[in-house]
Amino acid sequence: MAVDAARSEEGFTSAGAVRVMVAACRAAGLDDRGAELIRLGENALFRLTSVPVIVRIARSVEYLSAARKEVAVSRWLAGEGFPAARVVEDLEQPLVVDGHPVTFWHLIVEEGRSATYEELGGVLRDLHALALPDGLELPRYSAFGLSDLRLERAAGIPEDDLEFLRKRGQELKGRLAELRFGSPLGPVHGDAHTDNLMVDRSGVVHLIDLENFCVDHPEWDLEVAAHEYHRLGWVSEQQYADFVGAYGRDLREWPGFATLCATQEFKMTTWLMQNVSEGEDVAQEVGRRIASLRDDAAPRNWLPY
């Protein structure tokens, strides 16, 4: 279902997201008064005050197939009894408002603590053990996501940096084509970090942000924590040991680990480029990341965004 809202050429900003949220809520028969913007990143997330619902708005119509997939995956996981984000069942989903796919989700009332890396390892172990059902059509993992599109649309990035990133992307695509995975295909979350887990008031850990869900090799999920520990220093030795103990595998022992890390760093950089106009701190971080990508041996003193 498509809904028209007041159009704007300003890009995906908080003000534009508010306009889309208001139009989507009115189309769905929900009260948008007092809605709170809780995140603006790959998606804009709003918490409604009238009902326990989260409104999720994607950046552009290119995310429509991902939004449809999220709805289907959420319903499948609910049927499996797997704790994960749940779509609101009695609303048509997704809506498309001013070119933005919009979905509605049940609010998870949090316990007040972040999920641990041990819990992340356990969730991924259980997820990767599930058998995908017939009829659930999932893509393979998109190792580069929308990186090519982001480079085409980049604004405020020096041309020599963009040219370097284009060549870097082509190099990494060649390296990935030569990789051989030893594990079978199965369900993969596609963005498996602790920020994509929520702990509810009863202590149950829920998997959220299903937009990158796919069928592929589990190494793609395991790479995230291993990369954050080994390359970025965002994870302590004990946290990573807890993750490995819960899951039962240390991906750093696999020969393809370095290639997955390099690919992830490239995608992380092009993702952050989208928000370069949001502030000088973001612009500086983008420049820091591009500079370090030019040298594989350089330390990744990146800030988490």
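A residue is counted as buried when its relative accessible area is under 20%. In this predicted model, Cys 25 therefore counts as buried, with a relative accessibility of 0%. Cys 214 is likewise buried, at a relative accessible area of 1%.

A disulfide is a covalent bond between the sulfur atoms of two cysteines. For Cys 214, the closest cysteine sulfur belongs to Cys 261 and lies 17 Å away, which is too far for a bond.

The largest nonpolar core comprises 61 residues, of which Leu 77, Phe 82, Leu 165, Leu 207 and Phe 243 touch the most other members. Helix α8, spanning residues 257-273, makes the greatest contribution to this core, with 8 residues. When neighbours within four places in sequence are set aside, Leu 165 is in contact with Leu 151, Phe 266, Met 273, Ile 290 and Leu 293. Another core, of 21 residues, lies apart from the 61-residue one; its members include Cys 25, Leu 30, Leu 95 and Val 102.

Helix α3 is formed by residues 117-128. Its 12 residues reach 16 Å from the first C-alpha to the last, close to the 16 Å expected at 1.5 Å a residue. The buried residues of α3 are Tyr 117, Leu 120, Gly 121, Gly 122, Val 123, Leu 124, Leu 127 and His 128. Among the elements covering these buried residues are the helices α2 (64-80), α6 (219-230) and α7 (237-247), together with the strands β7 (186-188), β8 (197-199) and β9 (205-207).

Conventions: Residues numbered from 1 in each chain as written. Predicted model: local features only at pLDDT ≥ 70, side-chain atom pairs only at ≥ 80, totals over all residues. Heavy atoms only, no water. Helix = DSSP H or I, 4+ residues; strand = E, 2+ residues; numbered from the N terminus. Expected span 1.5 Å × (residues − 1). Buried < 20%, exposed > 50% of the residue type's maximum accessible area, 1.4 Å probe, protein only. Contact = heavy atoms within 4.5 Å. Core = buried A, V, L, I, M, F, W, Y, C linked by side-chain atoms within 4.5 Å. Disulfide = S-S within 2.5 Å.
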